[in-house]
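Here is a friendly briefing on one model, arranged by topic. Have a look at the structure first, then read on.

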Amino acid sequence: MSELLEIREPEAWNRLVAAFPITSALQSWGWGEVKRLSGWVPKRLAVYGKEGLLGAAQVLLRPLPGGLRLAYAPRGPALFRLEDLPAVARALARGVRGTHLVLEPEAGLAAEAPPPSFPGLLPEEPIQPGFSLWLDLTQGEEALLKGMKEMHRRNARLALKRTALAIAGEEAFPEFFRLFEETNRRARLLQHAEAYYRAVLREMNQPLGEAFLALALKEGEPLAAGLFVAFAGKVDYLYGGSSRAHPEAKAPMGMHLAAIRHGLGRGYRIYDLWGVPRNPQGSHAEGIWRFKEGFGGQRVQFPAYALPLSPLYRPLKALLRLRKTWVNLRVRGNPRDVLG
């Protein structure tokens, strides 16, 4: 039988999960501390088998009405091989109490391939975006530019001429948040309170990881800003916003170029554009897809799975889906998910 070991020290945990080839910034210590603000309680568990370390997961636990409890490993567990997921899931189930355990390892599988199935695990709707675009930073800036669609490549060169690019920290947070709020209002998207994003910037600056703001400015005025996190060789674009002023400056492109150059300078391998629609045509996020797919790169998927731990799993799943549909209708007037 596999053995569970709870890790309670931030650097030890980050060193452990960063060593796996399948891992994510959302499995780092800092992300668990961010999620405490939303009522989650993180538990960090390493799984050992007969041959040694098998996997590890930061499991977030959240009580729900009626005595229910959700256990969730955001973009986890961390694994050496995806084939070990069932064994790691069974071991984790011994260390958490809940109605069901949701798993979504960041394997980055080809988007066109059918997701693999595993004994004892049920296909589940992912909580994090189920599809993304990855850029290979190891090829260098010139190759990345050549891999873009022609219009994107043109806009990238314009952004480099017409904006000043900057990497910043907490001192630039007010400018980032102003642009982020403005963009969410235009797109009718939900967002957390300001304190949540400040916590991301603070807590994700951690052992073996970093968080930063990338900005594109014109004459000293920020026109686009994004909040990025980096961990285990990947840099992730989590949140961003832009002004409608000076569209000729191509500031959103400049913001990404600033982050890409930062990633290249730090030796990161993958640039994750984060969150693209499952079915781009007709999606609420079709505009997001058109912008992101212009970068080229590889469209990847992160299949999610559930390990039921209680007969109440299916009723709870139905209730959570109903709640999500209601929120979509209230915010955007459309029952579909943004990236559905």
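In helix 8 (residues 251-266), the buried residues are Ala-251, Met-253, Gly-254, Met-255, His-256, Leu-257, Ala-258, Ala-259, Ile-260, His-262 and Gly-263, where buried means under 20% relative accessible area, exposed over 50% and partly exposed in between (1.4 Å probe, protein chains only). The model is predicted, so local features need pLDDT of at least 70 and side-chain atom pairs count only at pLDDT 80 or more, while totals for chains, interfaces and linings use all residues. Residues are numbered from 1 along each chain as its sequence is written, and side-chain values use heavy atoms, leaving out hydrogens and water.

**Helix 8**
- Helices (H or I, at least four residues) and strands (E, at least two) are DSSP runs numbered from the N terminus.
- The 16 residues of helix 8 should span 22 Å at 1.5 Å a residue, and the 23 Å between its end C-alpha atoms agrees; the expected span is 1.5 Å times one less than the number of residues.
- Just after helix 8, Gly-267 has a positive phi of about 80°.

**Aromatic pairs**
- There are 17 aromatic pairs, meaning Phe, Tyr or Trp rings (for Trp, the six-membered ring) with centres within 6.5 Å; planes under 30 degrees apart are stacked, over 60 edge-to-face and the rest tilted.
- Phe-180 and Tyr-239 form an edge-to-face pair, because their ring centres are 5.9 Å apart and their planes are at 65°.
- This pair links distant parts of the chain, with Phe-180 in helix 6 (residues 173-187) and Tyr-239 in strand 13 (residues 234-242), 59 residues apart.

**Arg-75**
- The charged end of Arg-75 sits over the ring of Trp-274, 4.3 Å from its centre; this requires NZ of Lys or CZ of Arg within 6 Å of the ring centre and within 35 degrees of the ring normal.
- Arg-75 also lies over the face of Phe-302, at 3.8 Å from the ring centre.
- Arg-75 counts as buried, at 0% relative accessibility.

**Salt bridges**
- The structure holds 13 salt bridges, each a side-chain nitrogen of Lys or Arg within 4 Å of a carboxyl oxygen of Asp or Glu.
- Glu-106 and Arg-75 meet in one of them (2.8 Å, N to O).
- Glu-33 and Arg-44 meet in another, at 2.9 Å, N to O, and a network of salt bridges links Glu-33, Arg-36 and Arg-44.
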